[in-house]
Amino acid sequence: MSDVETRGFNPVQFLRNAMRNSPWVVMAVALHLIIGAFALIFYANKQPPQKIEDVATISMAQHKVEDEVVIPPEIIDRKAIPKNEEAELVPYDLDVYTPSTEQEDLHMEHGDPNAADNAPPGATGGTAIGVGNSGHAGSGRPSPFSSRKLGGGGGKGRGGATQGTDKAVLDGLRWLCRHQNEDGSWSPTTLNDRCPCDDPMYNPKQAYNKNYDEGLTGMALLCFLGAGFSHESKQDIVDTAMGKRYKVGTVVKNGLQWLVKRQSAEGSFGTGNPFMYNEALAGMAVAEAYGLTQNRFWKEPAQKSMNFIMGAQRPNPAGQGLWGWRYASRQEIESGNRGGSMDAATMKELFDSDTSVTGWCIMALKSGRLSGLDIKDENMAGGAAFARFVTADNGMVGYLDAKTAGATVQGKNDHYIYHPSTMSSLGMCIRIFSEHNPEDPFLDLASKQVVKDLPTVSKDGLSIDYYYWYYGSLALNQVDGPDAPKKTNKYWGPWNKAMVDAVLQLQDHKERACTNGGWMTPDRWAYDGGPIYTTALNVLTLEVYYRYENAFGGSKRN
């Protein structure tokens with residue numbers, strides 16, 4: 001046998017020999033093959049499509065294009081936001097987005113037609129809330145509250161909400177979503193469990209306790225309710241700092257259910273002796289939840305809470321009518337003296353009231369009345385009577401009586417600057433929401449006192465008082481804001497500018513940080529509530545433009 005027959009035909013060796021012996025022949029053959037391939041392709045493209053029955057080969061069925069698209073949980077309306085510029089909250093009907101096959105980046109501000117950051121101007125956050133007296137287009141039900149319009153940003157230049165304040169509110173709501181416990185509550189004791197952080201406000205030198213969880217949960221819920229979000233809301237809140245999506249209706253529902261589960265048969269919240277700050281805030285939240293939706297599930301617990309608050313009001317020491325409120329409830333004091341007469345010390349305690357707790361309780365009853373709950377006139381009148389009792393001639397208001405008007409209300413953080421006009425702003429709110437009298441001469445006197453002490457942030461931070469800024473904003477907005485019947489802008493104009501400057505500069509903006517959107521700088525009163533207190537209270541301050549309609553019936557302008 002020859003070597004070829006022994007080894008078999010080797011095509012590689014054959015080509016090497018051909019290239020070595022006849023290179024031009026090989027190149028000519030290759031060129032003809034290439035030309036023939038191009039001709040075949042051109043010919044195939046010119047032929048009409050074959051009928052299905054003429055096709056001899058079987059091809060694999062291709063997946064439909066839509067089966068390959070990774071569909072995000074919600075259809076997202078993306079809008080590029082220029083760097084170093086304020087994020088614009090764009091109405092989704094003006095900015096159409098076609099979903100891509102790329103996975104959604106929740107760290108991006110992108111506008112979501114089903115999200116809180118993309119409502120059309122004037123739209124409410126919730127899906128079943130009415131607007132003013134006209135009702136929401138989606139439900140037609142009149143709302144007991146004013147227009148809830150997070151993302152509207154339509155009040156610039158008129159002393160109303162701006163895109164800056166609305167964005168700060170949204171970031172605050174994101175922070176609150178991030179720190180809600182799985183059971184629906186908010187507690188300063190679980191901040192590190194929810195989002196580990198080395199910020200001093202998460203790890204205070206003096207440990208937090210759970211004594212105020214009911215009030216803090218109520219305050220956090222009021223932030224969502226104040227923006228128009230109820231347990232029925234379908235929108236998402238996308239936490240761009242941590243890249244997580246929250247169903248805002250679920251956030252609200254879980255918080256409300258946690259409160260209602262803790263409610264006693266008498267209507268109070270919590271396991272220990274009722275603390276009236278907690279009762280007022282929790283009761284206000286449940287009442288507003290009912291007011292926004294008129295859902296009967298919340299009506300009974302809301303009315304029970306209102307009944308407890310009314311029953312907790314102290315009697316007027318003059319012997320007729322009602323008075324203010326204090327830390328403990330009237331029921332608690334009287335329950336220890338049944339079957340016997342009260343001694344002098346107990347009688348003094350029974351009549352004891354203070355302006356701060358009275359302010360919160362009046363606001364709770366006001367929310368109850370706006371929501372259609374049964375609130376008695378005598379309770380509102382009692383709060384107004386106490387407010388007049390603690391008022392001095394110059395518009396200043398005392399904490400316990402008129403003699404203490406202008407005096408410092410002492411506490412754990414007395415190294416902070418005390419703002420005496422705090423009690424004046426509380427006195428204004430009590431009288432505004434209980435009497436609705438725009439001709440009350442006290443309102444002008446008190447407004448002059450409040451506007452003398454505008455919000456400011458000192459270098460050492462000791463001027464910061466979120467509590468004062470909240471009640472000052474609420475009072476002056478009612479008396480002299482854009483919807484006030486006798487607005488002059490002498491008071492609201494300078495106050496609003498100073499308040500916005502102070503509040504916005506103190507909000508945390510660390511990228512992809514647990515503190516993002518919160519208020520980590522403490523104030524005089526933050527020692528028990530921590531950043532839940534500071535964040536929620538500042539969100540409520542920035543919602544002042546739309547949280548309540550004007551108590552005097554609004555301005556005469558159309």
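**View 1. Helix α15 and the residue that follows it.** Helix α15 has 15 residues, which at 1.5 Å a residue should span 21 Å, and its end C-alpha atoms lie 21 Å apart, in agreement. The expected span is taken as 1.5 Å times one less than the number of residues in the helix. Helices (H or I, at least four residues) and strands (E, at least two) are DSSP runs, numbered from the N terminus. Of the 15 residues of α15, 14 are buried, so the helix is largely enclosed by the rest of the structure. Here buried means under 20% relative accessible area, exposed means over 50%, and partly exposed is in between (1.4 Å probe, protein chains only). Just after α15, His-436 has a positive phi of about 55°.

This is a predicted model, in which local features need pLDDT of at least 70, side-chain atom pairs count only at pLDDT 80 or more, and totals for chains, interfaces and linings use all residues. Residues are numbered from 1 along each chain as its sequence is written, and side-chain values use heavy atoms, with hydrogens and water left out.

View 2. The predictor's confidence in each residue is given as pLDDT, from 0 to 100. For the protein the mean pLDDT is 81, and 70% of its residues reach 70 or more. Over residues 111–142 pLDDT stays under 50, and the model has 103 contacts beyond four places in sequence for this segment. A contact means heavy atoms within 4.5 Å.

**View 3. The disulfide between Cys-195 and Cys-514.** One disulfide is found in a search of the whole structure. The disulfide joins Cys-195 to Cys-514, with an S to S distance of 1.6 Å. Cys-195 sits in the loop between α6 (191–194) and α7 (213–226), and Cys-514 in the loop between α18 (492–506) and α19 (530–542), so that distant parts of the chain, 319 residues apart, are linked. The criterion for a disulfide is a pair of cysteine sulfur atoms within 2.5 Å. Cys-195 is buried at 6% relative accessible area, and Cys-514 is buried at 7%. Two further cysteines to look at are Cys-177, buried at 3% relative accessibility, and Cys-429, buried at 1%.

View 4. The whole structure has 20 salt bridges. A salt bridge is a side-chain nitrogen of Lys or Arg within 4 Å of a carboxyl oxygen of Asp or Glu. One of them pairs Asp-236 with Lys-247, at 3.0 Å from N to O. Asp-236 is in strand β1 (residues 236–239) and Lys-247 in strand β2 (residues 244–247), 11 residues apart. Asp-236 is buried at 0% relative accessibility, whereas Lys-247 is partly exposed at 39%.

**View 5. The salt bridge between Arg-547 and Glu-288.** The closest N and O atoms of Arg-547 and Glu-288 are 3.1 Å apart in this salt bridge. Arg-547 belongs to the segment after α19 and Glu-288 to helix α9 (residues 276–293); the two are 259 residues apart. Both ends are enclosed: Arg-547 is buried at 3% relative accessibility, and Glu-288 is buried at 0%.

**View 6. The salt bridge between Asp-528 and Lys-412.** The side chains of Asp-528 and Lys-412 form a salt bridge of 3.9 Å, N to O. Asp-528 lies in the loop between α18 and α19 and Lys-412 in the loop between α14 (377–389) and α15 (421–435), so the pair ties together parts 116 residues apart in sequence. Lys-412 is partly exposed, at 48% relative accessible area. Elsewhere, Lys-167, Asp-171 and Arg-174 are linked in a network of salt bridges.

**View 7. The surroundings of Ser-185.** Ser-185 is in the loop between α5 (163–178) and α6. At 3% relative accessibility, this serine is buried. Its side chain makes a polar contact of 2.8 Å with the side chain of Asp-183. A polar contact is a pair of N or O atoms within 3.5 Å; within protein, one must be able to donate a hydrogen and the other to accept it, and residues adjacent in sequence count only if both atoms are side-chain atoms. Leaving aside residues up to four places away in sequence, Ser-185 touches Gln-180, Thr-217 and Trp-258.

**View 8. Val-451 in helix α16.** Val-451 is part of helix α16 (residues 441–451). Val-451 and Trp-492 are 41 residues apart in sequence, with their C-alpha atoms 8.2 Å apart in space. Residues up to four places away not counted, Val-451 touches Lys-490, Tyr-491 and Pro-494.
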